[in-house]
Each structure stands twice: as C-alpha cells, then as structure tokens.
Amino acid sequence: MNEISDIDWVSMSDRAILEKMGSSIRERRLEQNQTQHDVAAKAGISRSTLSMLERGEGTHLTNLIRVLRVLDLLYVLDAFETGPNISPIELARLEREKRRRARTVQGRTGEDGEEWKW
C-alpha cells in the first residue's frame with residue numbers, strides 16, 4: 001500500500017471513499033493474518049465497529065486512527081503534514097547564505113595554549 005495511487009479521489013463520492021478505505025484496511029489485516037477479533041481487541045474497539053469500518057460504514061475518526069495504529073498504517077497520515085511555506089525569494093536567499101567552503105582560523109589555540117594540531 002506504499003505505492004503511488006492512481007485513484008481519482010476527487011471524483012469519488014464520500015461513500016465510495018469510505019468503502020475504498022475499508023477494503024484497504026481489510027486487505028492489510030488479512031495480509032497480516034489477523035482476525036477482526038484480534039485487531040479490534042488490540043485497537044480497543046468492538047469487532048462490529050471494525051466490521052463497519054471495513055464495510056465503509058461511518059464510524060468515529062478515533063476508531064480509524066486506532067485501527068491504523070494496530071495495522072502499522074499511520075504513515076497514511078503523512079499527507080496531513082504541513083511544512084513552513086517559504087517563498088521562492090526567501091528560499092533563494094537561504095541558498096545564497098549557505099556556507100560553501102571551510103576556512104582555517106589563524107592563531108587558534110587549545111586550552112593549554114598550544115596551537116591546534118590534527
């Protein structure tokens with residue numbers, strides 16, 4: 001499930017999206033050879049709630065998060081990560097200010113007064 005998707009999520013109805021998510025959760029559960037009872041118990045939800053989720057029926061968002069955690073699917077939430085918005089001009093300025101080479105400092109000494117030597 002890590003591959004890039006060709007699914008056109010925008011054109012799908014809410015119900016179709018829920019069903020697709022549910023079937024993906026079911027597939028992942030079966031790949032891991034876990035029963036609904038096992039996953040539900042680990043997630044702290046009832047088996048019927050997990051069954052509803054897998055069928056694409058409405059459930060609480062916290063139930064979805066619990067199941068994603070049990071199935072090691074929390075990485076799907078990476079899509080919600082937002083970073084700082086840096087303008088192209090600011091990005092160019094930061095690139096210009098990056099150090100390009102190291103310089104030696106003349107006359108630097110250590111704690112004992114001796115010149116640094118490698």
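**View 1. Contacts of L53 in the predicted model.** L53 touches L18, G22, I25, T59, L64 and V67, where residues up to four places away in sequence are not counted; a contact means heavy atoms within 4.5 Å. The model is predicted: local features need pLDDT of at least 70, side-chain atom pairs count only at pLDDT 80 or more, and totals for chains, interfaces and linings use all residues. Residues are numbered from 1 along each chain as its sequence is written, and side-chain values use heavy atoms, with hydrogens and water left out.

**View 2. The largest nonpolar core.** A nonpolar core is a set of buried Ala, Val, Leu, Ile, Met, Phe, Trp, Tyr and Cys residues joined through side-chain atoms within 4.5 Å. Buried stands for under 20% relative accessible area, exposed for over 50%, and partly exposed for values in between (1.4 Å probe, protein chains only). The largest core has 13 residues, of which I25, V39, I45, L50, L53, V67 and L71 touch the most other members. Two or more residues come from each of α2 (36–43), α3 (47–55) and α4 (61–70). The most is given by α4, with 4 residues. Helices (H or I, at least four residues) and strands (E, at least two) are DSSP runs, numbered from the N terminus. In soluble globular proteins, nonpolar side chains tend to be buried together.

View 3. N63, L64, V67, L68 and V70 are the buried residues of α4. Seen down the axis of α4, these residues fall within an arc of 160°, so they line one face of the helix; the arc is that of the directions from the helix axis to the C-beta atoms. An α-helix has 3.6 residues a turn, so residues three or four places apart point the same way. The face turned away from the buried side of α4 carries the exposed residues L61 and R69. Packed against the buried residues of α4 are α1 (14–31), α2 and α3.

**View 4. Helix α1 and its buried face.** The 18 residues of α1 should span 26 Å at 1.5 Å a residue, and the end C-alpha atoms of α1 are 26 Å apart, which agrees. The expected span of a helix is 1.5 Å times one less than its number of residues. Within α1, the buried residues are G22, S24, I25, R28 and R29. Viewed down the axis of α1, its buried residues fall within an arc of 160°, so they line one face of the helix. The cover over the buried residues of α1 includes α2, α3 and α4.

**View 5. Polar contacts of Q36.** Q36 lies in helix α2 and, at 17% relative accessibility, counts as buried. The side chain of Q36 makes a polar contact with the side chain of R47 at 2.9 Å and another with the side chain of E54 at 2.8 Å. A polar contact is a pair of N or O atoms within 3.5 Å; within protein, one must be able to donate a hydrogen and the other to accept it, and residues adjacent in sequence count only if both atoms are side-chain atoms. With neighbours within four places in sequence left aside, Q36 is in contact with R29, R47, L50, S51 and E54.

**View 6. E27 and E54.** E27 is found in helix α1 and counts as partly exposed, at 43% relative accessibility. From C-alpha to C-alpha, E27 and E54 are 9.2 Å apart in space, while 27 residues separate E27 from E54 in sequence.

View 7. Most residues other than glycine have a negative phi, and most peptide bonds are trans. N33 is placed in the loop between α1 and α2 and is exposed, with a relative accessible area of 69%. The loop between α4 and α5 (88–97) holds D72, which counts as exposed at 54% relative accessibility.

**View 8. The whole protein.** The secondary structure comes to 5 helices and 0 strands. Buried residues make up 20% of the 118 residues. Among contacts between residues at least 6 apart in sequence, 47% join residues at least 24 apart. The protein exposes about 9,900 Å², of which carbon and sulfur atoms supply 52%; accessible areas come from the Shrake-Rupley method with a 1.4 Å probe, and for residues only the protein chains shown count as cover.
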